[in-house]
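The following paragraphs lead the reader through one protein structure, from its overall make-up to selected side chains.

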Amino acid sequence: MTDPTASVATGPRQFRYVEEWVRHEVGQALGGPRGMIEGALPFVAFTLTWVFGQDLLRAIIAAVAVAVVLAVARLVQRQPIRYVLQAVVPTVVAVVVAARTGRAEDAFVPGILYNAALAAVAIITIAVRRPLFGFVIGAALGDALSWAGDKGLVRMMSKLTAVMAASYTIRVVVQLPLYLADQVLLLGIAKVALGWPLLIAALAVIGLLLSRGRTPIEDSPLAQAALRKQDEGEPTVEEQQR
């Protein structure tokens, strides 16, 4: 997968086919392997601290400390703020909920609700032929709707959205019963196992789907819109966030 420190909108000129370009943008939008691991580490710290100490405050401190270290590392390396937020925001929301309720298992509630919402949104957008994946890729390139008029791109984005919807649904189906049974350790294990490993599996399926297509860059309105923006010298999304 490509280096997440590179610009999101490196441009479609370096690719021959739309599918190659979309695969590249997917990796950038998700933060690469490092971003996936960073999303799991605070919850690993939270779970291990809780299991071995049964102390909610210490578990919260451990999770926040790991998130802060990850964020500082990103800032020191002068990387985009969105990667910092990906490491910190989910952790902060989780620990605030757990701190207010006094229940360690409640730290996993925001993640369960988040995945349930994403699954619902993904399914609805597929049904109305405006698949979520199209907006994600389009927004990263500063043109959220260029793809919507291309039936081929709509079909492609629908397939990619369906893959991600399946991963969101799996997380909810597995974690919700564990939460209802107050299984903190198993929730922590599920959080990690269904985090970056499941995401990597989903990306593998997405990569397989994209590898079958051979749509020339010049035939894609989305790619052409991105090229026009680059030619006009407009800043990329990452440049705007810095």
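Of the 242 residues in the protein chain, 46% are buried. The model is a predicted one, and the values given here are to be read accordingly. The secondary structure of the protein chain consists of 11 helices and zero strands. Read from the N terminus, the order of elements is therefore α-α-α-α-α-α-α-α-α-α-α.

The structure contains one aromatic pair. Its partners are Phe-46 and Phe-108, arranged edge-to-face, with 6.1 Å from centre to centre and 80° between the planes. The angle qualifies as edge-to-face because planes over 60 degrees apart are classed in this way. Which parts of the chain does the pair tie together? Phe-46 belongs to helix H2 (residues 32-53), whereas Phe-108 is located in the loop between helix H4 (81-101) and helix H5 (109-127), so the contact ties together parts that lie 62 residues apart in sequence.

Are the two partners buried or exposed? Phe-46 has a relative accessibility of 1% and therefore counts as buried. Phe-108 also counts as buried, because its relative accessibility is 1%; the cut-off for a buried residue is under 20% relative accessible area.

Arg-129, Arg-130, Lys-151, Arg-155 and Lys-159 form a positive surface patch. One of these residues, Lys-151, is found in helix H7, which covers residues 151-180. Lys-151 has a relative accessible area of 62% and is therefore exposed, since exposed residues are those over 50%.

Conventions: Residues are numbered from 1 along each chain as its sequence is written. This is a predicted model: local features need pLDDT of at least 70, side-chain atom pairs count only at pLDDT 80 or more; totals for chains, interfaces and linings use all residues. Side-chain values use heavy atoms; hydrogens and water are left out. Patches are made of residues with over 30% relative accessible area and no salt bridge: like charges are joined within 9 Å, nonpolar side chains (Val, Leu, Ile, Met, Phe, Trp, Tyr) within 5 Å. Accessible areas come from the Shrake-Rupley method with a 1.4 Å probe; for residues, only the protein chains shown count as cover. A salt bridge is a side-chain nitrogen of Lys or Arg within 4 Å of a carboxyl oxygen of Asp or Glu. Lys and Arg count as positive and Asp and Glu as negative; His and the chain ends are not counted. The place of a charge is taken as NZ of Lys, CZ of Arg, CG of Asp or CD of Glu. Helices (H or I, at least four residues) and strands (E, at least two) are DSSP runs, numbered from the N terminus. Buried means under 20% relative accessible area, exposed over 50%, partly exposed in between (1.4 Å probe, protein chains only). Rings of Phe, Tyr and Trp (its six-membered ring) pair if their centres lie within 6.5 Å; planes under 30 degrees apart count as stacked, over 60 as edge-to-face and the rest as tilted.
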